Amino acid sequence: VGYRLGEGGEAKTGDDSKARLDFSDGAVLRLGSNTSFAVQSLAPSDGGSLLTRLKMVAGKIWAGLTGGALDVETPLGVASVRGSFAVITYELRDPVSSSDDVLIVDCIEGHCHIQGLNTDQDFGSLERVIITGAGQVTFVKLTGSAVDEFLSNNPESTRVVLTLTAAAVTATPTTTETLTPSLTPPITKTPTPVP
């Protein structure tokens with residue numbers, strides 16, 4: 001309590017620990033266990049919100065933004081959240097090589113963007129993007145359980161319930177677009193329901 005994290009600062013949680021970071025513009029970041037990142041930049045935008053860029057080593061971040069933007073850089077890509085609710089998970093499996101790592105970005109509500117080796121795309125409410133170290137990119141539609149999980153970790157974000165609960169209940173699993181690395185990346189569509 002009272003610790004101030006600025007540019008160049010680092011945050012790290014251990015086993016069975018969590019942390020909450022409150023930003024001056026009202027944004028809240030919650031860190032799951034074994035999460036580690038460094039703050040690359042914090043800059044005010046025209047409206048007074050912050051434009052924040054983190055370099056994530058591993059772990060899970062729940063982002064609740066009231067405005068502004070958050071960019072989270074990982075070895076597999078950059079996840080961007082604009083005035084939204086999102087969950088960013090980077091699974092570091094082999095600390096020497098990123099070939100088997102996984103980046104998962106859940107855009108719970110609002111506007112998100114993913115930029116990686118094989119993708120550079122916007123996505124929105126109740127959508128998930130999974131990028132593997134092998135370069136495979138998968139887009140999946142989320143269901144109400146993703147909203148419930150977000151709220152269980154972010155009780156202050158209850159307004160998301162009003163906008164998404166009805167949409168999540170009526171959402172039906174959609175086809176998944178999977179991109180695999182090659183000289184000409186093919187696109188395959190397979191139905192993949194995600195709880």
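Tutor: The account below begins with the confidence of the model and then turns to the cavity, the pocket and some individual residues.

This is a predicted model, in which local features need a pLDDT of at least 70 and side-chain atom pairs count only at pLDDT 80 or more, while totals for chains, interfaces and linings use all residues. Residues are numbered from 1 along each chain as its sequence is written, and side-chain values use heavy atoms, with hydrogens and water left out.

The pLDDT is the predictor's confidence in each residue, from 0 to 100. It averages 83 over the protein chain, and 81% of the residues score at least 70.

A cavity is a set of points, on a 1 Å grid over the protein atoms alone, where a 1.4 Å probe fits but cannot get out; a pocket is an open set with protein on both sides within 12 Å along at least five of seven lines, and lining residues have an atom within 4 Å of a point. Grid points are joined across faces, edges and corners, and a volume is the space filled by probe spheres set on the points.

One cavity of 30 Å³ or more is counted. The largest cavity holds about 70 Å³, and its lining consists of F23, D25, A27, L29, L50, T52, L65, G67, A69 and L70. By class the lining has seven nonpolar, two polar and one charged residues; Ala, Val, Leu, Ile, Met, Phe, Trp, Tyr, Cys and Pro count as nonpolar, Asp, Glu, Lys and Arg as charged, and the others, Gly among them, as polar.

Strand β6 also contains T74. T74 counts as buried because its relative accessibility is 8%, where buried means under 20% relative accessible area, exposed over 50% and partly exposed in between, with a 1.4 Å probe and protein chains only. Beyond its neighbours within four places in sequence, T74 is in contact with M56, Y90 and L103.

The largest pocket has a volume of about 490 Å³. Its lining comprises 18 residues, of which Y3, R4, L5, L21 and D22 are the closest to its centre. Strands β1 (10-12) and β2 (19-22) are the elements that give two or more residues to this lining, and β2 gives the most, with four. The lining of the largest pocket divides into 10 nonpolar, three polar and five charged residues.

The loop between β1 and β2 holds D16. D16 is not a glycine, yet its phi is positive, at about 55 degrees. With a relative accessible area of 81%, D16 is exposed. N34, in the loop between β3 (28-31) and β4 (36-44), is likewise a residue other than glycine with a positive phi, near 55 degrees. N34 counts as partly exposed, at 40% relative accessibility.

Notes
Contact means heavy atoms within 4.5 Å.
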